[in-house]
Amino acid sequence: MLHRGLQHPPDSRTAVPCALAMPTSPYLVHLTSFHLLLALFLVFSGPSEQRSGNEWQVLQPEGPMRVAEGEALLLRCTVVGSSVDDMIRWIRVRNQDQQEIYNFKHGFFPGVMPMTQRTLESLNWDYSIRIHKVTREDAGTYHCVRFDGLSQHLEETLNEGTSVLVKGAEDPEPDLWIIQPQESVSVTTGDTVILNCTVLGNGPPGPIRWFRGTGLSREAIYNFEGISHPNVTAVRASDNDFSILLEGISIEDAGTYYCVKFQRKLNRQYLSGQGTRLTVRAKPTSLQEGEFIYGSSDWTSLTGLLSTFLLAVLGLKAVTLAALLLALAVHRRRTWQEGFKIPESAELCTSLYGSKGQG
């Protein structure tokens, strides 16, 4: 009788709940959860991995620079990319000894003041520092370092750095001084500006040149013994004056300008000034002048509003991640609860088949 009962298919009312009670493979449940976690990881950590790659670039002048004991020293550093305050440090190397001069994340460094600010160029950040009342112990090579803590040795992250020479009160007078008194100059497009440079002494034979920027990407602006830009001329108010005049300023002229002495025999840079940052603003039209005058005073408020908006976006991103993780946890809990109900449904089907077969 049981054999004959199994030959007849169960009615549709019994087949549907038994079909729904088919046990789900634990492999599929774990595979789905794994893919959800993998998707979350790729979505939320992907951009951070891109930012931690080679997208950032640290730029600082080569030097050497010379400063007298008791004066202030300006060390320039520009980071191209996102703001990474917790990863930027200044390291001084002297006689193979390394010393942290400033850390933008934490620490107390007396006599050192940061100059962190956003430049007008997109994604350019100024991480320059100023050392007040320089002493002879401040001589050495300074490195602006983006250090993420992953490198085993700090030497792996050091660039060429900026060499600094300090003249003590009792030291003999050096053969050359380069003085750039202007730390920064702000102009409007179409204006004319003078970038000052005074050279005291002779030094080795070689020309005085002006450059914009640092590193391999720096641009030659003026050569007192060669070809120069058409809108740049020499001032030469005296034999020691190596200032230049820039006419018809455009937005592309913005940057940091360095007055540099070269040594002709070795064809290398002998001494550099501390640089002058040129900031260029677009000239407002006649219809925009009133808005420009009254709106410029609110720039700080606008910057604060943008910062608040950025924090809100980051907070929304974190809330979204928390919500997705909570939904994943609820999904897994329901899956396990349904798994516990599967044996009861299977016993129900067996009892229904068994009772029908026996009948």
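The model is predicted: local features need pLDDT of at least 70, side-chain atom pairs count only at pLDDT 80 or more, and totals for chains, interfaces and linings use all residues. Residues are numbered from 1 along each chain as its sequence is written, and side-chain values use heavy atoms, with hydrogens and water left out.

**Overall fold**

The protein chain holds five helices and 23 strands; these are DSSP runs (helices H or I, at least four residues; strands E, at least two), numbered from the N terminus. Of its 359 residues, 34% are buried, that is, under 20% relative accessible area with a 1.4 Å probe, protein chains only. Contacts (heavy atoms within 4.5 Å) with a separation of 6 or more are made to 65% by residues 24 or more positions apart.

**Nonpolar cores**

A nonpolar core is a set of buried Ala, Val, Leu, Ile, Met, Phe, Trp, Tyr and Cys residues joined through side-chain atoms within 4.5 Å. The largest has 24 residues, of which Val193, Trp210, Ile244, Leu246 and Leu278 touch the most other members. Among the elements giving two or more residues to this core are strands S13 (176-179), S14 (184-188), S17 (208-212) and S21 (255-263). Leaving aside residues up to four places away in sequence, Leu246 touches Val193 and Leu278, and also Asp191, Thr192, Leu195, Asn231, Val232 and Tyr257. Another core, of 22 residues, lies apart from it and includes Ile88, Trp90, Ile101 and Phe109.

**Aromatic contacts**

Six aromatic pairs are found in the whole structure. Rings of Phe, Tyr and Trp (its six-membered ring) pair if their centres lie within 6.5 Å; planes under 30 degrees apart count as stacked, over 60 as edge-to-face and the rest as tilted. Two of the pairs are listed below.

| Pair | Centre to centre | Angle between planes | Class |
|---|---|---|---|
| Tyr102 and Phe109 | 5.2 Å | 45° | tilted |
| Phe224 and Phe242 | 4.9 Å | 80° | edge-to-face |

Tyr102 is buried at 14% relative accessibility, and Phe109 is buried at 15%. Phe224 lies in the loop between strands S18 (219-223) and S19 (232-234), and Phe242 in the loop between S19 and strand S20 (244-246), so their pair ties together parts that are 18 residues apart in sequence. Phe242 is buried, at 13% relative accessibility.

Two arginines also lie over rings, a charge being placed there if NZ of Lys or CZ of Arg is within 6 Å of the ring centre and within 35 degrees of the ring normal. Arg209 lies over the face of Phe262, 4.5 Å from the ring centre, and the charged end of Arg218 sits 3.9 Å from the ring centre of Phe211.

Definitions and conventions:
Buried < 20%, exposed > 50% of the residue type's maximum accessible area, 1.4 Å probe, protein only.
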